[in-house]
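This briefing is for a reader who is new to the structure. It begins with one chain and then turns to two interfaces.

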Amino acid sequence: MKRKLTLLVAALATGLVMNTSAMAADAAEYEAALDKARQTLSDAESKVQLWTTSEILLEDAARAAAAGDFDLAVKLVNEASLHAELAVATAEREKKVWQKSVPK
Amino acid sequence: MKKFLIACFLFVVMANAYATPEEDRLALREFFAQRFPDLDLNEMTNGLYAFDEGAREQWLEMEDFPPYEIAIEAGEEDFNQPFANGKSYADCFENGGIGIRQNYPRFDTETGEVVTLEVAINKCRKDNGEEPLPWLTGELANISAYMSYTSRGNKMNVVIPDDPRALAAYEAGKEYYYTRRGQLEFACENCHMQSAGSLLRADTLSGMLGQATHWPVYRSKWGEIGTLHWRFQECNAQVRAKPYEAQSPVYRNLEYFLSYMSNGMELNGPASRR
Amino acid sequence: MGSPIKIKVKLKGDVAEVKALMPHPMESGVRVNADTGETVPKHYIKEVICKHNGNVVTTAFWGTAVSKDPYMAFKFKGAKAGDKLEISWLDNTGDTSVSEVDIS
Amino acid sequence: MKLQRRALVQGLLTAAAVLAVPRWLFAARPDKAFEEKTADGVVSDLFNAPVTESDKVTLKIPDIAENGAVVPVTISTDLADVESISVIVENNPTPLAAMFELTPQSIPEVSIRIKMGESSVVRAVVKAGGQLYSASKEVKVTIGGCGG
């Protein structure tokens, strides 16, 4: 179940990356992707504990953008969103199974 | 309405869990008794040193003159230092704050929140017109260390009062402990129950039982004394889960659950760890 | 002025067993401050002198490889209850600390 | 109130420090040996004489250090007329960690906690009756970070 979901989300993300890399991304595109990612992160954080990786990826993206590499920046920003979505997916799965680990 | 919702929530929780906190605690002791049949469970208040002989020897040498004694002494001085209004910490706590740490965290039935000792110390300051202290280390950790020191040998006695919100806080802490999180998808339980006493890379992992009896701790890695929530943050970061703020409700609930699991064990803080 | 030295003395017959803990950062000069990225300058205790009733019983010379908040233990003969034990240190910045206890 | 008391204590300690100053002038710390980059350099700087391994020197140090930042070491010896005890960590950037000068009143047993940057042979060198004796041991330093 989890693997399937991971693959699905990964496939989606790859699709995004391929789309954007087909033509070079620019600053506006990065800003738009960043806004969307921030929304995804904050939605996820209101429900579950984020992975540390999401915010690290956003920092990496900001560095790439500052260096003018908007293709990479957009890719990293999307990956940050993906990691937030995976954190939510894990938490939802765990809701159903955590009780099994408690000694009875 | 709110109470009704809480009751509904609890009904769901109880329907799933059945077990009372006391049943949880006894089942946990049984879990470790079966995993480590030759171990005196009370030794688990010494964390990994209950399992790792080589590390234990070095720890005992540290105990010859543990670096946390500096913190206890500084904490005693701060504890006895009157506030600007002439009152002091002793006025905020039962028994003048001496020998009471085993009762923390406690559930405040007025605010409906878990109150850790650190929260109580800063509340005392605020009530007396003083600025709150930073949570992780320094003066607050020193005072906490002194208050632990005066409580050494007392048995942990965390109470869950007859209030659905208290039980909900306990249950929230319990769920947190057993839920996988972070990119590495580790629950506290994965390391400190399943793998307790085993090596993770080069380090022996401590067991859950007794994990709350010995705080604050001077960690050689930190090079200073620090409070339990610092360690929570570190554990979270190690499994790549974004740490919460120290003394956030999530961590306070976790400490409430964790401390209840140590009930009946001797308080032995402050302590030194690698 | 350095922090006071914490001293414990155990008397066994005429042998004094001394343990001392000295709050001090013991910066090696190679550690980098994670926040500022700057190297923290060397700051370490160079010499420790231990006196029994005013006479030197042990002198320690240290480098930067002594741990933070240094600990040392040593033993000497010819001690009795009521004697004085003084320990003092000097660090590389010229800072010093002196503490004295009665042996009991 | 607190400040006043602290100031008073500081004043007293400063006075004590001033009295102690002349002693520092006479202390001869082997500064050059503490800057040496090799264990052999340290030994030749300090003693300039051959060192023999001896079972009369006891070096107590863990096989595996829990944390390289704090490694407890105890050195003791049955030898008579001990003048000094030194601790050398071969793979540290500057190997000489500590040197204790003893007196006839001393019992030759000292303990200290030291830093080790990586796994290394640790050597204890005892100077007794004008001769040099040593004991050494390999200590493993692991990558810490997940303990507790």
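Among contacts in chain C between residues at least 6 apart in sequence, what percentage join residues at least 24 apart? The share is 54%, where contact means heavy atoms within 4.5 Å.

This is a predicted model, in which local features need pLDDT of at least 70, side-chain atom pairs count only at pLDDT 80 or more, and totals for chains, interfaces and linings use all residues. Residues are numbered from 1 along each chain as its sequence is written, chains are lettered from A and ligands numbered from 1 in the order in which they are written, and side-chain values use heavy atoms, with hydrogens and water left out.

**Chain C: fold and extent**

- Chain C has seven strands and zero helices; both are DSSP runs numbered from the N terminus, a helix being H or I over at least four residues and a strand being E over at least two.
- Read from the N terminus, the order of elements in chain C is β-β-β-β-β-β-β.
- Along the principal axes, a box of roughly 55 × 20 × 20 Å holds the C-alpha atoms of chain C.

**Chain C: surface and charge**

- Chain C has 104 residues, and 57% of them count as buried, meaning under 20% relative accessible area with a 1.4 Å probe and protein chains only.
- About 4200 Å² of chain C is accessible surface, and carbon and sulfur atoms account for 48% of that area; the areas come from the Shrake-Rupley method with a 1.4 Å probe.
- The side chains of chain C include 14 positive and 13 negative ones, with 7 Å between the centres of the two sets. Lys and Arg count as positive and Asp and Glu as negative, while His and the chain ends are not counted; each charge is placed at NZ of Lys, CZ of Arg, CG of Asp or CD of Glu.

**Interface of chain D and chain C**

- The contact involves 38 residues of chain D and 37 residues of chain C.
- Between them the two chains bury about 3200 Å², with 57% of it on carbon and sulfur atoms; buried area is the accessible area (1.4 Å probe) that two parts lose on being put together, summed over both.
- One salt bridge is found across this interface, the term meaning a side-chain nitrogen of Lys or Arg within 4 Å of a carboxyl oxygen of Asp or Glu.
- D:E109 and C:K75 form a salt bridge through their side chains, at 3.2 Å from N to O.

**Interface of chain B and chain A**

- Chain B and chain A bury about 1900 Å² between them, 54% of it on carbon and sulfur atoms.
- Of the area that chain B buries against chain A, 33% comes from B:Y178, B:E185 and B:K242, more than from any other three residues.
- Four salt bridges are counted between chain B and chain A.
- B:K242 is also in a salt bridge with A:E45, where the closest N and O atoms are 2.7 Å apart.

How values were computed: Buried means under 20% relative accessible area, exposed over 50%, partly exposed in between (1.4 Å probe, protein chains only).
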